[in-house]
Amino acid sequence: ILRFSDLSSGINAEYGCGGISIFCGTTRDTFGEKRVLYLEYEAYEGMAVKEMGRISDALGEKYDVRRVFIAHRIGRVDICEQSIIVAASSPHRADAINFVSDAVDLIKRQVPVWKKEWYEDGSMWKENCECSR
């Protein structure tokens with residue numbers, strides 16, 4: 001689940017699917033007034049993989065999706081690179097879109113992945129805004 005290399009084989013459409021929805025979270029070059037140099041992610045990897053699987057399973061009960069791909073990078077992520085990809089295929093676009101949207105929100109709230117932003121003047125661990133809701 002934490003590898004991007006599996007995306008092409010993991011989310012290919014299949015017969016009966018009319019839509020694939022993909023979200024790619026990309027590293028911005030600014031946060032507020034600060035210039036971001038890069039991000040670093042750390043994870044409790046075993047627990048992160050299990051929790052992403054639980055999220056996928058739970059949302060698979062709610063939405064009619066046929067294939068799902070979830071990946072979150074760990075380590076250094078440079079500007080304009082993707083840190084997270086969530087993709088789903090389904091017979092109808094609404095299920096794929098809603099699955100992906102809900103999955104991203106739940107991953108940010110529940111999965112033990114931590115982000116450190118590196119600025120020109122130092123670094124700071126960041127909490128996801130979704131975590132404080």
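## Basis of the model

Residues are numbered from 1 along each chain as its sequence is written, and side-chain values use heavy atoms, with hydrogens and water left out. Because the model is predicted, local features need pLDDT of at least 70 and side-chain atom pairs count only at pLDDT 80 or more, whereas totals for chains, interfaces and linings use all residues.

## Overall fold

The protein has three helices and eight strands, where helices (H or I, at least four residues) and strands (E, at least two) are DSSP runs numbered from the N terminus. Read from the N terminus, the elements follow the order α-β-β-β-α-β-β-β-α-β-β.

Of the 133 residues, 38% are buried, a class that means under 20% relative accessible area, with exposed meaning over 50% and partly exposed in between (1.4 Å probe, protein chains only). The accessible surface comes to about 7,900 Å², and carbon and sulfur atoms account for 48% of it; such areas come from the Shrake-Rupley method with a 1.4 Å probe, and for residues only the protein chains shown count as cover. Among contacts (heavy atoms within 4.5 Å) between residues at least 6 apart in sequence, 75% join residues at least 24 apart.

## Aromatic pair and charges over rings

A search of the whole structure finds one aromatic pair. Tyr38 and Trp118 form this pair, which is stacked at 5.7 Å centre to centre with 15° between the planes; rings of Phe, Tyr and Trp (its six-membered ring) pair if their centres lie within 6.5 Å, and planes under 30 degrees apart count as stacked, over 60 as edge-to-face and the rest as tilted. The pair links distant parts of the chain, since Tyr38 is in strand 3 (residues 34-43) and Trp118 is in strand 7 (residues 113-119), 80 residues apart. Tyr38 is buried at 16% relative accessible area, while Trp118 is partly exposed at 24%.

Arg76 lies over the face of Tyr38, 3.7 Å from the ring centre, and Lys34 lies over the face of Tyr119 at 4.5 Å. A charge sits over a ring if NZ of Lys or CZ of Arg is within 6 Å of the ring centre and within 35 degrees of the ring normal.

## Strand 7 and strand 8

Strand 7 and strand 8 (residues 122-126) run antiparallel and are joined by five bridges, where pairing requires at least two DSSP bridges. They form a hairpin with two residues between them, and Glu117 stands opposite Met124 in strand 8.

## Glu14

Glu14 is found in the loop between helix 1 (7-10) and strand 1 (19-26), and is partly exposed at 30% relative accessible area. Not counting residues up to four places away in sequence, Glu14 touches Arg66 and Arg67.
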